[in-house]
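Visitor: I have just opened this structure and would like to learn how to read it. Could you take me through it feature by feature?

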Amino acid sequence: MIQPGMFATGGYDHRVHLWTIPEDPSKTSMRQLPIKHTSLVQALLPVRDTSHKLITAGADCKVNVWELASERVVNMFKVPNSVHHIHRTYLPYCPLLEVRHDYYYQTFISIYWDIEQVAHR
């Protein structure tokens, strides 16, 4: 994810975990991040704008922006439908959320946050 040997997972337990795998895999560690989802976590995307962040989104229609350095949610909002995927764009602070996905159409919402506002909270 942000550093070699790190990755995040989320799933049916409504939780997000950060894993670290050092050179000696027997010392692999995992910690639960205090990100609150009330339903299935369906999408994760690491980004870097002014700092390293992890965007989480799920079936509860919540999107969280977790900053790794401060270890806190720096932005949280709700979208109208369940988020199925987060797509990277050329602007790290403007990912694209896939919020509805059925046989006939897909709906995308572009989210944007002010990097200066998030950086100074």
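Visitor: Let me start with a residue in a strand: which residue stands opposite asparagine 64 in β7?

Guide: Asparagine 64 stands opposite methionine 76 in β7. Before we go on, note that this is a predicted model, where local features need pLDDT of at least 70 and side-chain atom pairs count only at pLDDT 80 or more, while totals for chains, interfaces and linings use all residues. Residues are numbered from 1 along each chain as its sequence is written, and side-chain values use heavy atoms, with hydrogens and water left out.

Visitor: What holds strands together in general, and how do β6 and β7 pair?

Guide: Strands of a sheet pair through backbone hydrogen bonds, either parallel or antiparallel. Here β6 and β7 pair in the antiparallel sense over six bridges; two strands count as paired if DSSP finds at least two bridges between them. Another facing pair joins lysine 62 to its bridge partner in β7, lysine 78.

Visitor: How many helices and strands does the chain have?

Guide: The chain has one helix and ten strands. These elements are DSSP runs numbered from the N terminus, with helices (H or I) of at least four residues and strands (E) of at least two. Reading along the sequence gives β-β-β-β-β-β-β-β-β-β-α.

Visitor: In what order do the four strands of the open sheet come?

Guide: The order is β4-β5-β6-β7, and the pairing is antiparallel. β4 and β7 stand at the edges with a single partner strand each, so one side of each has no neighbour in the sheet. From one strand to the next, the twist averages 20°; the axes behind such angles are lines fitted to C-alpha atoms, for helices over the stretch in contact, and angles run from 0 to 180 degrees between N-to-C directions.

Visitor: And how do β1 and β2 pair?

Guide: β1 and β2 pair in the antiparallel sense over five bridges. Methionine 6 has threonine 20, in β2, as its bridge partner. β2 also pairs with β3 (residues 29-33), again antiparallel and over five bridges, and there valine 16 stands opposite leucine 33 in β3.

Visitor: What is the phi of histidine 14 in the hairpin of β1 and β2?

Guide: In that hairpin, which has five residues between the strands, histidine 14 takes a positive phi near 70°. Its place is in the loop between β1 (6-10) and β2 (16-20). Histidine 14 counts as partly exposed because its relative accessibility is 30%; buried means under 20% relative accessible area, exposed over 50%, and partly exposed in between (1.4 Å probe, protein chains only).

Visitor: Which residue takes a positive phi in the hairpin of β6 and β7?

Guide: That is glutamate 71, with phi near 55°, in a hairpin with four residues between the strands. Glutamate 71 is partly exposed too, with a relative accessible area of 43%.

Visitor: Now for the inside: which residues touch the most other members of the largest nonpolar core?

Guide: In soluble globular proteins, nonpolar side chains tend to be buried together. A nonpolar core is a set of buried Ala, Val, Leu, Ile, Met, Phe, Trp, Tyr and Cys residues joined through side-chain atoms within 4.5 Å. Of the 14 residues in the largest one, Ile55, Ala57, Val63, Val79, Val83, Ile86 and Leu97 touch the most other members. β4 (41-48), β5 (52-58), β6 (62-67) and β9 (96-101) each supply at least two residues, and β4 gives the most, with three. A second, separate core of ten residues includes Leu33, Ile35, Val41 and Trp66.

Visitor: Is glutamate 98 buried or exposed?

Guide: Glutamate 98, which lies in strand β9, counts as buried because its relative accessibility is 9%. Its side chain makes a polar contact with the side chain of histidine 87 (2.9 Å). A polar contact is a pair of N or O atoms within 3.5 Å; within protein, one must be able to donate a hydrogen and the other to accept it, and residues adjacent in sequence count only if both atoms are side-chain atoms.
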